[in-house]
Amino acid sequence: MVTLAEVAQHAGVSASTVSYVLSGKRSISTSTRQRVEQSIRDLGYHPNAGARALASSKSNIIALMIPLRTDMYVPVMMEIAIAVATTARTHGYDVLLLTGEEGSDAVRRVTGSGLADAMIVMDVELDDERLPLLRSTHQPSVLIGLPADTSGLTCVDLDFAATGALCVEHLATLGHRDIAVIGEAPAVYERHTGFAERTLDGLRGRAGELGLRLLHRPCEGGYDAMAVTLARILDERPGTTGFVVQNEAAVEPLLALLRQQGRAVPEDVSVVAICPDQVAVQASVRLTSVAIPAQEMGRHAVDRLVAKLEGRGSDEVVLIAPELTVRASTGPAPAAPVSAAAGSVPSD
């Protein structure tokens with residue numbers, strides 16, 4: 001391992017000069033700084049993280065709290081995490097990933113131990129138990145998600161209420177009057193997870209304004225669960241011609257079940273999904289969708305966190321406007337409702 005003394009000898013300066021170049025605590029002439037930086041590159045020197053933290057009272061680490069639950073779509077969470085990590089490196093920070101469901105204990109552990117200089121918190125609930133601690137700690141934090149009360153917090157998220165409204169508007173424009181929402185797993189709503197609740201608010205609010213009938217049913221995802229959910233929807237609302245899906249695991253089972261019933265997409269029923277573009281374009285029918293801007297959310301969160309660390313940021317809420325991309329899964333509503341006798345939902 002290359003030492004600071006070896007860098008100093010290579011550059012022809014004192015060890016303290018190398019230290020000042022690294023810390024920026026003293027003004028160093030441009031020529032000397034460039035010579036030291038060249039030696040650092042030539043020798044492949046990396047400062048000892050522990051020593052640097054002791055000297056500066058900074059770890060140059062951002063803690064990312066991302067509980068990995070079985071009822072969440074993990075690829076989206078990890079795409080956000082990758083965006084956070086890559087953006088953090090451009091600012092000179094590394095990322096400590098905390099994936100357990102520790103809640104407030106994880107916040108206390110980070111703030112009490114000096115493990116990290118700041119925190120990014122994901123999987124935010126409307127009344128999240130971590131919020132009082134985040135508001136009271138001196139360490140900066142940013143939420144990727146929106147709680148019910150955003151006072152004293154910095155939050156970044158897709159505008160999920162506007163997303164729900166946009167989906168309803170699109171189907172209404174095509175003449176659909178009965179819309180079914182296939183939502184996340186029931187546990188997501190039981191936790192009052194912000195994104196799911198806000199989407200539902202947007203869906204219901206806009207449907208009410210437009211005079212549409214809207215039915216919401218949570219779904220675990222997978223073929224069997226989707227078969228039960230679809231059967232229930234069509235039993236309660238046999239005239240349903242529009243579906244909004246906010247559950248990536250339910251997308252392909254829904255399309256398969258509709259095909260087996262002889263319900264053509266989009267001639268008989270239209271489907272809109274709230275999902276990553278990759279899920280939408282790789283489905284058996286290319287889905288009209290509102291994309292989850294995972295990378296943009298991660299970048300915004302880090303940029304605002306770094307601004308707070310540098311004393312430039314203030315508490316704010318950043319909502320990313322939704323964009324709906326029309327593909328092959330939506331079309332005009334059929335002239336007459338699809339008959340409830342078009343076929344029973346088959347079992348696997």
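How much space lies in the second largest pocket? The answer is in View 1.

The structure is a predicted model, in which local features need pLDDT of at least 70 and side-chain atom pairs count only at pLDDT 80 or more, while totals for chains, interfaces and linings use all residues. Residues are numbered from 1 along each chain as its sequence is written, and side-chain values use heavy atoms, with hydrogens and water left out.

**View 1. The second largest pocket holds about 190 Å³ of space.** On a 1 Å grid over the protein atoms alone, a pocket is an open set of points with protein on both sides within 12 Å along at least five of seven lines, and lining residues have an atom within 4 Å of a point. A volume is the space filled by probe spheres set on the points, which are joined across faces, edges and corners. The pocket is lined by 15 residues, and Pro67, Arg69, Glu102, Gly103 and Arg130 are the closest to its centre. Its lining has five nonpolar, two polar and eight charged residues. Here Ala, Val, Leu, Ile, Met, Phe, Trp, Tyr, Cys and Pro count as nonpolar, Asp, Glu, Lys and Arg as charged, and the others, Gly among them, as polar.

**View 2. The largest cavity has a volume of about 330 Å³.** A cavity is a set of grid points where a 1.4 Å probe fits but cannot get out. The structure holds one cavity of 30 Å³ or more. Of the 21 lining residues, Met72, Val76, Met77, Phe160 and Phe195 lie nearest the centre of the largest cavity. Helix H5 (residues 74-90) gives the most to this lining, with three residues. By class, the lining has 14 nonpolar, three polar and four charged residues.

**View 3. Helix H11 (residues 223-236) and helix H12 (residues 248-260) cross at roughly 60 degrees, and their axes come within 9 Å.** Helices are DSSP runs (H or I, at least four residues), numbered from the N terminus. Axes are lines fitted to C-alpha atoms over the stretch in contact, and angles run from 0 to 180 degrees between N-to-C directions. The contact (heavy atoms within 4.5 Å) involves Tyr223, Met226, Ala227 and Leu230 of H11, and Ala250, Pro253, Leu254, Leu257, Leu258 and Gln260 of H12. Nine of these residues are nonpolar, one is polar and none is charged.

**View 4. Helix H1 (residues 4-11) packs on helix H3 (residues 30-43) at an angle of about 120 degrees, with the axes 9 Å apart.** Glu6, Val7, His10 and Ala11 of H1 meet Arg35, Val36, Ser39, Ile40, Asp42 and Leu43 of H3. This contact has five nonpolar, two polar and three charged residues.

How values were computed: Helix = DSSP H or I, 4+ residues; strand = E, 2+ residues; numbered from the N terminus.
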